[in-house]
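Here are some notes for a colleague who is opening this structure for the first time.

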Amino acid sequence: MNKKKRLFVFFPCVLIGLLLLSSFIYEFGFKTETSSVIIKYDENGDLTGKAPFPPSLQQPFGTDRNGNNLGLRLLQGAKYTIILALGVSILRTVAALAAGSIFVFLPRAIQSFTKFFLIPYQYIPAFILVFVLNWPVSFIRNEIGYTSLVAFQFSVIVIVGIAPVMLLISGEIKQTLKEPYIEVSYHLGASNRHVIFKHILPVLKKRILIIFFQQVIQTLLLLIYLGVFEIYIGGDKPGGIFGDDERFLSQSGEWAGMIGQSKFDLMTAPWIVLGPGIAFIGLILLLNSVLNYLLYPEKK
């Protein structure tokens, strides 16, 4: 890979890293210095408007109904969104790789029996599985606490995606096992463990990296679906929104929750929904640019 290609691969990763770092710096360094403005007055003391305020030069993303700067709220929620997507994708990929490496060496009867139960997971949307599994916990979320709820939701999102990735990786491993040099290695006395670590993984490392980035994008899309249906990571909390105290907000403040909690503002204050939507699009485009260079390096 030449320098130009490295730039196109690493530049999006650097931007995402800087966004993540900025989110932590704002959360623990400058958040207490910001304040919300619900009502604005002119120099004569006359009322000029109340939140939400539309985008302006001072506040490019506008404000929400509590008068909070949406740009700063997006910055604050970036770390939760990015860390969740990366964490889910890493665990899915590692678990699927380990399971797939074991699966290909099982007897064919066991493989066929296992596939019978796993193949349907390739066709059932992950959102439906997460929705169904998360539904019973929604009734006891106040009893189990915020941390336990996040851990449960995180585990569910990880688990529902392992089976399809495992089948994909095991298929890649099976294809590689048919290569002549693998057969020669076995004839020379190599063990399955040696073949996996010395021959399979070095060959499939780029493919595994592609699968990882695909999982990050799929996780972000899944979060959007969950947010629209008001399934927030960490649950919800009373909104305390000016003029609307019955609305509930995302407890964690991640971007998908911001979309879900504000979807009814689309007609009256569309910038509240479009802000996190644009943030999601930008993040997915950055990840997709890296993925395209990994998939089609010869075209760049």
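**Notes on pockets and helix H6**

1. The second largest pocket has 20 residues in its lining, and those nearest its centre are Arg92, Ala126, Pro164, Gln215 and Gln218. Helix H4 (126-134), H6 and helix H8 (192-228) each give two or more residues to this lining. H8 supplies the largest share, 8 residues. Please keep in mind that the model is predicted.

2. The volume of the second largest pocket is about 420 Å³. Its lining divides by class into 13 nonpolar, 6 polar and 1 charged residues.

3. The largest pocket holds about 520 Å³ of space. Its lining counts 25 residues, with Lys31, Asp64, Asn68, Arg73 and Gln76 nearest the centre. The elements giving two or more residues to that lining are helix H2 (70-103), strand E4 (248-250) and helix H9 (255-261). H2 contributes the most, 5 residues. By class, the lining of the largest pocket has 6 nonpolar, 15 polar and 4 charged residues.

4. Helix H6 has 32 residues and spans 46 Å from its first C-alpha to its last, close to the 46 Å expected. H6 also bends by about 35 degrees at Ile162, with the proline Pro164 following within four residues. Pro164 is also among the residues nearest the centre of the second largest pocket.

5. Beyond its neighbours within four places in sequence, Gln153 is in contact with Asn134, Ile231, Tyr232, Ile233, Gly234 and Gly235.

Conventions. Residues are numbered from 1 along each chain as its sequence is written. This is a predicted model: local features need pLDDT of at least 70, side-chain atom pairs count only at pLDDT 80 or more; totals for chains, interfaces and linings use all residues. Side-chain values use heavy atoms; hydrogens and water are left out. Contact means heavy atoms within 4.5 Å. The expected span of a helix is 1.5 Å times one less than its number of residues. The bend at a residue is the angle between axes fitted to the seven residues ending there and the seven starting there. On a 1 Å grid over the protein atoms alone, a cavity is a set of points where a 1.4 Å probe fits but cannot get out, and a pocket is an open set with protein on both sides within 12 Å along at least five of seven lines; lining residues have an atom within 4 Å of a point. Grid points are joined across faces, edges and corners, and a volume is the space filled by probe spheres set on the points. Ala, Val, Leu, Ile, Met, Phe, Trp, Tyr, Cys and Pro count as nonpolar, Asp, Glu, Lys and Arg as charged, and the others, Gly among them, as polar.
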